[in-house]
Amino acid sequence: MQIPWMDFSYQFNGQKQVYWRLIQQLNRRGDFILGKEVAHFEKEFAEYCGARYGIGVNSGTDAIWLSLVALGIGPGDEVITSSFTYIATAIAIALSGAKPVLVDIDPVSYNLNPRQVADVITGQTKAILPVHLYGQTAEMSELKTLAKRHKLWIIEDAAQAHGAEYQNHKAGNLGDVGCFSFYPTKNLGCWGDGGMVVTNLKPIAEQLRVLRDHGRKEKYLNLVPGQNSRLDTLQAAILRVKLKSLDRWNRKRKQLAHYYTRQLRKRAPDVITPLEQAGRDHVYHLYVIRVKNRDQVQRELALCGVQTVVNYPKPYYLQPAFQYLDYAK
């Protein structure tokens, strides 16, 4: 038996006729960019998150970057974020012109440590950017208290947390803006790149709609230098179909994760398994364990046909792209 790390055929095979019909309908209409399916999906996904507005963009990276720009964050500003995340989080900050300020993670949840956030807030700090890593939300109550005290924006990187909850509120609707990726490997993934910003702030939503479409409010009326960051109609149509199954798929992920945890605690008690924190609904984008002899465990699992990966083999702040930040290991 071969157990791949990721298998896309499961979701596709269950509804392949639905997907083929969508492609045929789209081909007849020809509204390939920002078509009617995009508007429908923006509304449906925003409602799913409990937010008023959804703005479809072409990636999770652009969702963060354009949110920073819409909030007026740029050169000379600082944005506090996690030292342990996919590099796109920090790239989006750098693209805005702001400086990423990194704090270490909580060793249990792997999410941003609020107590360390408080230590690095300066007069240049404009936002806190928590990452809901692996499908579990960060400690948002403490972060929101800090943000309110220092008049900072909160931008959620919820790329790995579709459907996750914190105190019965969905990820993406816990701060000022929530940023999602629909990269194929995500809990809610499309057939390419895609992203979404959700927010309750109407002026920010309106600004994001302008920024994602070359800075134009209507055809041939460009208000600002914007970006070509539009969600394709095909991707929105696919995501609308998948959104109906997201909660069911998340429940299945949790069932399997709990099974792994029970078995590992019985058979391999030295393995550090994921811990679901109080008040959270973990959706297990990934099931991540910690072991002392990681490379050996990977080799032996591979011999058994079980594929695994390391997230992330080299922290982004040690990558050449971010040497200028001058952080030690």
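Tutor: A residue is called buried under 20% relative accessible area, exposed over 50% and partly exposed in between (1.4 Å probe, protein chains only). This is a predicted model, in which local features need pLDDT of at least 70, side-chain atom pairs count only at pLDDT 80 or more, and totals for chains, interfaces and linings use all residues. Residues are numbered from 1 along each chain as its sequence is written, and side-chain values use heavy atoms, without hydrogens and water.

Student: Is Tyr-287 buried or partly exposed?

Tutor: Tyr-287 is partly exposed, because its relative accessible area is 25%.

Student: How many aromatic pairs does the structure hold?

Tutor: There are 19 aromatic pairs (Phe, Tyr or Trp rings, the six-membered one for Trp, with centres within 6.5 Å; planes under 30 degrees apart are stacked, over 60 edge-to-face, the rest tilted). Among them, Phe-84 and Tyr-134 are edge-to-face, at 6.4 Å centre to centre and 80° between the planes.

Student: Where do Phe-84 and Tyr-134 lie?

Tutor: Phe-84 is in the loop between β2 (78-82) and α5 (88-96), and Tyr-134 is in the loop between β4 (125-129) and α7 (140-150), so the pair ties together parts 50 residues apart in sequence. Helices (H or I, at least four residues) and strands (E, at least two) are DSSP runs numbered from the N terminus. Tyr-134 counts as buried, at 4% relative accessibility.

Student: And which residue forms a stacked pair with Tyr-284?

Tutor: Tyr-284 stacks with Tyr-287, at 6.2 Å centre to centre and 25° between the planes. Tyr-284 is buried, with a relative accessible area of 4%.

Student: Which residues form one aromatic cluster?

Tutor: Phe-41, Phe-45, Tyr-48, Phe-180 and Phe-182 form one cluster.

Student: Changing topic, how many salt bridges are there?

Tutor: The whole structure holds 14 salt bridges (a side-chain nitrogen of Lys or Arg within 4 Å of a carboxyl oxygen of Asp or Glu). One of them joins Arg-209 to Glu-42, with the closest N and O atoms 3.2 Å apart. This pair links distant parts of the chain: Arg-209 belongs to helix α8 (residues 202-211) and Glu-42 to helix α3 (residues 36-49), 167 residues apart.

Student: Is Glu-42 buried or exposed?

Tutor: Glu-42 counts as buried, at 7% relative accessibility, whereas Arg-209 is partly exposed, at 30%.

Student: What about Glu-47 and Lys-43?

Tutor: Their closest N and O atoms are 2.7 Å apart in a salt bridge. Both residues lie in helix α3, four residues apart, about one turn of the helix. Lys-43 is exposed at 51% relative accessible area, and Glu-47 is partly exposed at 48%.
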